[in-house]
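I opened my notebook to look up a few things in this structure. Here are my entries.

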Amino acid sequence: MQEIFKEGIISFGILHVVKDPENLLQEFYRILKVGGDLHISCLCTDRKISEIYLKILYKNKLVASCLKSKEIKNVIEKIGFKTDMRVIGGMTYIDAKKL
């Protein structure tokens, strides 16, 4: 059974944990109706200390990806979402809407 969500999806701290974040984001897009909201946060490598930290986690297989905030935003926009992004420290916060 396929469920469709119009209101929104909230995903905090998961993109850096999954092996294929683009696939997860495509699934979010698929299950949202037009006008639905996506709110996500994830670790990013924008700051040098964050990059070092994420690479240590990656080496120890505690995270699956190490991306810059713009790389994350580009993937989300490529899928078809309109985005608004903020970076605070080593975290990226993205609010997106399915058009």
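How many disulfides does the count come to? I took a disulfide as a pair of cysteine sulfur atoms within 2.5 Å. By this rule the count comes to zero.

Before going on, I noted that this is a predicted model, where local features need pLDDT of at least 70, side-chain atom pairs count only at pLDDT 80 or more, and totals for chains, interfaces and linings use all residues. Residues are numbered from 1 along each chain as its sequence is written, and side-chain values use heavy atoms, with hydrogens and water left out.

**Cysteines.** I looked up C42. Its closest cysteine sulfur is in C44, 6.8 Å away, which is too far for a bond. C42 is buried at 2% relative accessibility (buried is under 20% relative accessible area, exposed over 50%, partly exposed in between; 1.4 Å probe, protein chains only). For C66, the closest cysteine sulfur is also in C44, at 11 Å, again too far for a bond. C66 is partly exposed at 25%.

**Rings.** I counted one aromatic pair. Rings of Phe, Tyr and Trp (its six-membered ring) pair if their centres lie within 6.5 Å; planes under 30 degrees apart are stacked, over 60 edge-to-face, the rest tilted. The pair is Y29 and F81, edge-to-face, with 5.0 Å between centres and 90 degrees between planes. Y29 lies in helix α1 (residues 21-31) and F81 in strand β3 (residues 81-88), so the pair ties together parts 52 residues apart in sequence. Helices (H or I, at least four residues) and strands (E, at least two) are DSSP runs, numbered from the N terminus. Y29 is partly exposed at 22%, whereas F81 is buried at 3%.
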